[in-house]
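Thanks for coming, everyone. Please bring the structure up on the screen and keep the sequence beside it.

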Amino acid sequence: MTVLVLGDQLTRTVGPLDRDGRVLMIEAHDFARRHPYHPHKLALVFAAMRRFRDRLRADGYTVDYRKFETFAEGLNAHFEAHPEDDITVVRPASHGGADRLRDLVTDAGGSLTVVEDERFLCSPAEFDEWAGDRDSLTHESFYRHMRRETGYLMDGDEPVGGEWNYDEQNRETPPEGYEPPEPPTFEYDEETREVIEWVESEFSGGYDDPPYGGDWADPDEFQWPVTREQALHALERFAESRLPEFGPYQDAMREGEWAMNHSLLSAPLNLGLLTPDEVVERVLDAYESRDVPLNSVEGYVRQVIGWREFLRHVYRREMPELATANQLGQTESLPEFYWTGETDMACLSDVIDGVRRRGYSHHIERLMILSNFALIYGVEPAELNRWFHAGYVDAFHWVTTPNVIEMGSFGAGVFATKPYASSANYVDKMSDYCSGCPYYKTKTTGEGACPFNTFYWDFLDRNEDELRSNHRMGLVYGHLDDKDDAEMEQIRERATELRERAERGDL
Ligand code: SF4
């Protein structure tokens, strides 16, 4: 029997790997050419695969590591060496991935056994039983279910501290001059450094051309864990230094502070270098042994056992329709500056610069700057999803699709109860961007008015038929009603002008 290990399944902690059998890993390069990917993402996946191979071999596993242009070529080579082999694989996370793989294996003369992915804390059967015939799926209810099932942060049947959620305490902004702890850094072996350089030369033909628009990602800035040891080091650094202030500042944004107090563990988690239970248990250990504030611990636990698991099952259940869902009928193209970073808007410029440089921005920057602007501008959700998929080191289709299409774009109405649309007000409250921006955060129309303000009201106006009856939008439509016809006309004119400027690359 052979176990096929895919590039985002790099774990021995759980799963079917067996020293008595054979392990097959296929590095398929055309996969990396079919869509644009951040160079650091490709370097991360290929380097992590090769280091995982080395570790398995060092521990006595027989590993066939095959480098081919296509996955099919890799499988054909395997079956030439091992005719009619039965391959076992952990269910691929992408929609239809298992079926595509089965076709390839069958065509090559073998058979495929698919086993469920045990890295997640909630199995498909458990989620489906929880979902039952509920009219709507809400994260908060699922999260409480997961707290009870795992026993994490539970005191008998009650949540530790008496509350399920401490978000009220997690909306602070740091004082002026605040310096978050330094993100972890890693020493790389020679092969990993070669992979980083190789990705640059092998795949970066496209990085100077559209859609990237040149100058993406300096290979020297690559700083992500590529081994389990490095991932555990990153976890330690988070638990020791970043976790205590993660909670209060988790929604805060500071120019030039790309990491703030965030864990930076999404990429190693999504690759399998860490498992969610060990991450949560290390965080709970910090809570119990070092008195780390409960609001920080609960906020982080919710991201891992709540949102991460919830979105995975939303993706599983709602695909393929979710990928193209567009209930608001948004049709605008993504402004070119998402690729080039060339915009005068201080918030978007800084966040996009970070994505270009290192394939990362934290969750509020993703939701309230990047997705929010695309939403109120009117961008088609699937196009925004493609951008996130291309831009981030931790992006996988099962992760970005529910986050971007549903949460960021209010595309499907599966679990989001209202669009996450906001004006400059929110950006100004949670960041220091507006004070250094050439646009005026308090102006909605006229010269210099902040585009977030114009597009916010324009968005509400354009989508009135779909949104006014939403009971969670009553207040904002009340404010829209306070605007007279003349002001609404100015907003529409300014929105048209700003769209033309965005198309010219002059926003
Ligand atoms: S004024 Fe508007 S564009 Fe400028 S930083 Fe603030 S929200 Fe962003």
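Start at E84, in the loop between α3 (71-81) and β4 (86-90). E84 is not a glycine, yet its phi is positive, about 60 degrees. Most residues other than glycine have a negative phi, and most peptide bonds are trans. One caveat before we go on: this is a predicted model.

There is a backbone exception of another kind to look at. The peptide bond joining M319 and P320 is cis, with omega about 5 degrees. P320 lies in the loop between α11 and α12 (321-324). Remember α11; we come back to that helix.

Now the overall layout. The protein is divided into domain 1 (2-115), domain 2 (124-186 + 223-318) and domain 3 (337-504). Note that domain 2 is given as two segments, 124-186 and 223-318.

Let's take domain 2 against domain 3. Their C-alpha centres lie 25 Å apart. Domain 2 puts 29 residues into the contact, and domain 3 puts in 26 residues. Together the two domains bury about 2700 Å² between them. Of that area, 68% is on carbon and sulfur atoms.

Polar contact does occur, in 10 residue pairs, both partners at pLDDT 80 or more. On secondary structure, α9 (266-271) and α11 (294-318) each supply at least two residues of the domain 2 side. Here is α11 again: with 9 residues, that helix gives the most to the side of domain 2 that touches domain 3. By class, the domain 2 side divides into 14 nonpolar, 7 polar and 8 charged residues.

Side chains of opposite charge can pair when their charged atoms come close. One of the pairs is R50 with E191, at 3.6 Å from N to O. Why pick this one? R50 sits in helix α2 (residues 39-58) and E191 in helix α7 (residues 190-203), so the bridge ties together parts that are 141 residues apart in sequence.

Last stop, the ligand. Which residues surround the ligand? The shell is M345, C347, A424, V427, Y433, C434, C437, Y439, K441, C450 and F452. By class, that shell has 10 nonpolar residues, no polar ones and 1 charged residue.

That's my tour. Over to you for discussion.

How values were computed:
Residues numbered from 1 in each chain as written. Predicted model: local features only at pLDDT ≥ 70, side-chain atom pairs only at ≥ 80, totals over all residues. Heavy atoms only, no water. Domains from an automatic or database assignment. Contact = heavy atoms within 4.5 Å. Buried area = accessible area lost by both parts, 1.4 Å probe. Polar contact = N/O pair within 3.5 Å; in protein donor to acceptor, adjacent residues only side chain to side chain. Helix = DSSP H or I, 4+ residues; strand = E, 2+ residues; numbered from the N terminus. Nonpolar A, V, L, I, M, F, W, Y, C, P; charged D, E, K, R; others polar. Near = heavy atom within 4 Å. Salt bridge = Lys/Arg side-chain N within 4 Å of Asp/Glu carboxyl O.
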